[in-house]
Amino acid sequence: LRYEGGAHTLPLLTGTEGDEAFETKTLLSATGKVTLDPGFANTAACQSKITYIDGEAGILRYRGYPIEELAAHSSFLEVSYLVIHGELPDSGQLKEFSEQLRANAALPAEMRAMLDAFPRDAHPMTLLASAVNTMAAFYADTVDPKDSEQVDRATILLLAKLPTIAAHIYRNSVGQPPLEPDDSLGYVEDFLRMTFGGLSGESELDALFVRAMDLLLILHADHEQNCSTATVRVVGSSQASLYGSVSAGVNALFGPLHGGANQAVLEMLEEIRDLGGDVDSYLAKVKDKESKTRLMGFGHRVYKNYDPRSKEIKGLAAQILDRQAEPDELFELALRLEAKALADPYFTDRKLYPNVDFYSGVIYRAMGFPTSMFTVLFALGRLPGWIAHWREQRLDPAARIARPRQLYTGHAKRSYSGS
Ligand code: MLT
């Protein structure tokens, strides 16, 4: 590496992540230390009180509460309030919160028309990011990051409308007319009725479906400074609006290496199934670097142990799928794939364990969602986390506009005249 500034690079840390060796270098330059840390693998860009992860022990806590306890005892509505406001709501706060969301869940006709104008085969995540960004056009009075009342109103509007936007997108994709939110139902029930209601003729929502969706949303509610949340913080650090910042987060989540991984896991399981279900030969291909075959849904930047969310989702999948007349072939395949991988030192030595995406797609598929909606469901869950981080940064006196440095490795100075 060369840096025009009379600086020197010092190898500070070397190591491996998966199979890629990485080297963090610190550059001693005129403007102080600049550390090269690709993908911010070892760089904390902020301090936060929202979520704690211990990747070695496989621990995840929202505002200090273990994810296992929240999964067992709370609702997504309560967890959304907790993640955003820092405390579990009392009954009065929960009632008011629920009423605010219910009262703001409908979409402006122009936003519906905008969603209807997209090509029918456009990916739902593209429409979701567009709709979130366009909220500023409809609710311009709620975008000033310095105005707490506007921030609280934008928080409610975004939480209230994202499920309706997602349901509208889904029903368009399956050729069903949109349904309005129903005042009588709860947050998650309403979303499921708007997506499924009238589709399969089921008027009574299946209680296990409702609980499964509630739990899936809880498990996705936040995950510290992951790619999409860091994107929300970076965009928000310029004092961009909550809508514009979250829209950027939706786009980051769409990437196959991030939220798109749950869709990629299901496609991987379908590929193995179509090749006769031979798990051993698939894992052999994964171990053959030349094949560039990935074991999707395994491994994690932070967890070097079993992702605690994956345990919860695996148990939920068993409950949902046990009711089916026939065993779910992809779930059976996923169980076999996990068992084989966790018995193979190649994977355990590299600390490659199932993450949140490994089983979630199997459940979403069993609930009737197309793979194109899997990452939308991830975004619905992650919304409280994105909002909480954007709000936290706004009030952080130490927060500055994000401006990562670079190490220049291009041409030395040269003359246009060629002399
Ligand atoms: C997430 O929940 O965002 C994913 O596990 C990715 C991450 O945390 O880096």
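Figure 1. Contact here means heavy atoms within 4.5 Å. The model is predicted: local features need pLDDT of at least 70, side-chain atom pairs count only at pLDDT 80 or more, and totals for chains, interfaces and linings use all residues. Residues are numbered from 1 along each chain as its sequence is written, and side-chain values use heavy atoms, with hydrogens and water left out. Helices (H or I, at least four residues) and strands (E, at least two) are DSSP runs, numbered from the N terminus.

The buried set of α14 consists of Leu 330, Phe 331, Leu 333, Ala 334, Leu 337, Glu 338 and Ala 341. Seen down the helix axis, these residues fall within an arc of 155°, so they line one face of α14. The arc is that of the directions from the helix axis to the C-beta atoms. Helix α14 has 14 residues (329-342) and should span 20 Å at 1.5 Å a residue; its end C-alpha atoms are 20 Å apart, which agrees. The expected span is 1.5 Å times one less than the number of residues. At the start of α14, a side-chain oxygen of Asp 328 comes to within 3.0 Å of the backbone nitrogen of Leu 330.

**Figure 2. Helix α3 and its two sides.** Phe 97, Leu 101 and Arg 102 are buried in α3. They cover an arc of only 130° around the axis, which puts them on the same side of α3. The face turned away from that buried side carries the exposed residues Lys 95 and Ala 103. Cover for the buried residues of α3 includes α2 (76-85), α6 and α7 (187-196). The 13 residues of α3 (91-103) should span 18 Å at 1.5 Å a residue, and the end C-alpha atoms are 18 Å apart, in agreement. At the start of α3, a side-chain oxygen of Asp 90 reaches to within 3.0 Å of the backbone nitrogen of Gly 92.

Figure 3. Around the ligand are His 223, Asn 226, His 258, His 300, Arg 309, Phe 378 and Arg 382. A polar side-chain atom of His 223 is 2.5 Å from a ligand oxygen atom. For His 300, a polar side-chain atom lies 2.8 Å from an oxygen atom of the ligand. An N or O atom in the side chain of Arg 382 is 2.8 Å from a ligand oxygen atom. The protein covers 86% of the 260 Å² of accessible area that the ligand has on its own. Accessible areas come from the Shrake-Rupley method with a 1.4 Å probe; for residues, only the protein chains shown count as cover.

**Figure 4. Ser 228 in helix α9.** Ser 228 sits in α9 (residues 227-236). Its relative accessibility is 0%, so Ser 228 counts as buried. The side chain of Ser 228 makes a polar contact of 2.8 Å with the side chain of Asn 226. A polar contact is a pair of N or O atoms within 3.5 Å; within protein, one must be able to donate a hydrogen and the other to accept it, and residues adjacent in sequence count only if both atoms are side-chain atoms. Another polar contact, of 2.9 Å, joins the side chains of Ser 228 and His 258. Leaving aside neighbours within four places in sequence, Ser 228 touches Gly 249, Ala 252, Leu 253, His 258, Arg 382 and Trp 386.

**Figure 5. Thr 142 in a loop.** Thr 142 lies in the loop between α5 (124-138) and α6 (148-173). Thr 142 is buried, at 2% relative accessibility. Its side chain reaches the backbone oxygen of Tyr 139 at 2.8 Å.

Figure 6. Most residues other than glycine have a negative phi. Phe 40 has a positive phi, near 50°. Phe 40 lies in the loop between β3 (32-36) and β4 (51-54) and is exposed, with a relative accessible area of 54%. Arg 63 also has a positive phi, of about 50°. Arg 63 belongs to the loop between β5 (59-62) and β6 (65-66). At 21% relative accessibility, Arg 63 is partly exposed.

How values were computed. Buried < 20%, exposed > 50% of the residue type's maximum accessible area, 1.4 Å probe, protein only. Near = heavy atom within 4 Å.
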